[in-house]
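The following paragraphs lead through selected features of a single model. Please keep the sequence and the coordinates at hand while reading.

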Amino acid sequence: MSPKFETKGPLPGAAFGSTVRLRDGGQGAAAVVAAAETAADELAAALAEAKGILLVQGLNDIADDPDLLIRFSRVFGPEVEDYRHNLTDLKSVHVSVPQILLVSNMPPVSKAPPKRPEPPLAADGLIPVQYPHRKGWHTDQSYRRPPPDISLFYAVTPATRDTGQTLFANGILAYEALPAHLKAKVEGLQGLHAQPGSGRGREAAFAGRQPRAFAPHERSQPQPVVRTHPVTGERALYLCEWGQMDWFEGPFVGMEPGPHGAGAALLDEIMAHLTERRFCYAHEWTQGDVLIWDNRCLIHAATWFDGEKEGRLMWRTTVHGNPGAYYAGEAKSWIQAT
């Protein structure tokens, strides 16, 4: 069977990623999704070849038919998550399609955009990417076991050009370039990941605020700092920073805990390496863009936009199905026992 899609990579300014479009020149979300449903293996291979991120543009009609996004998501895994049945605030769940998470500064979500970095540009005059100048780096829902595989992010109403970008850092490339002494330190190490808003972030630890008690299904979850990708076999760094690690019992299992300990120093060193510009991609959103990214090998961060003057609305889906042999047979940690 001849390929249905053509890819072009890497993405602008990056060493990874690809754009995807129909080879026959067809346009529109319905045509793309219908072709994808008959070429799932082709797109899965393209995602692996691109080291974790694909861009499909011009899918504006998803906004009028959100089920197209769910159908597209199923191409990348057997389970598209229903956000009513996890730890998500229901104000952020699409009212008629509960597999869609709303990411927006507009009601009812009303989530403020990230703070603008100071200074707003890096020394090279480009958008800052490297931690700690850039904060907010994470991978989706790493505070759950098994963690999700793939996310799809769709631009319904993006922010003004040159603001509201989404940044990605590639854990495969960063691990390959990791100095030998750091490779030795992270081998077999586990990070302790905490749900945002649970009071276990680094700022809470700095301030001396004690976190609330956890229900069993809300507990912080250990994850390997180096994950082996279940499709490609490549090894990738897998960790987050300030807001999605447990800074009271972690950030690493078995190391000195807390925001000033040896674990904190190691995390800062690894995160600074992982988010060097050579491992990063900054996506400038256009209405109708869909980004497909692999949480098993990428971390990402949101950037500032002027939330007082403009509204931004993005839709996200989360796909599960192949977290790797490390998680084989595990029940979902976030499902409350009855």
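Ser110 touches Ser104 and Asn105, residues up to four places away in sequence being left out; contact here means heavy atoms within 4.5 Å. The model is a predicted one, in which local features need pLDDT of at least 70 and side-chain atom pairs count only at pLDDT 80 or more, while totals for chains, interfaces and linings use all residues. Residues are numbered from 1 along each chain as its sequence is written, and side-chain values use heavy atoms, with hydrogens and water left out.

Ser110 lies in the loop between strand E5 (101–104) and strand E6 (150–157); helices (H or I, at least four residues) and strands (E, at least two) are DSSP runs, numbered from the N terminus. With a relative accessible area of 45%, Ser110 is partly exposed, a class that falls between buried (under 20%) and exposed (over 50%), computed with a 1.4 Å probe on protein chains only. The C-alpha atom of Ser110 is separated by 9.6 Å from that of Gly311, and the two residues are 201 residues apart along the chain.

Attention now turns to a helix. In helix H1 (residues 29–37), the buried residues are Ala29, Val32, Val33, Ala35 and Ala36. Viewed down the axis of H1, these buried residues fall within an arc of 165°, and they therefore line one face of the helix; the arc is that of the directions from the helix axis to the C-beta atoms. The partners against which the buried residues of H1 pack are strand E1 (5–8), E2, helix H2 (40–49), E3 and helix H3 (67–74).
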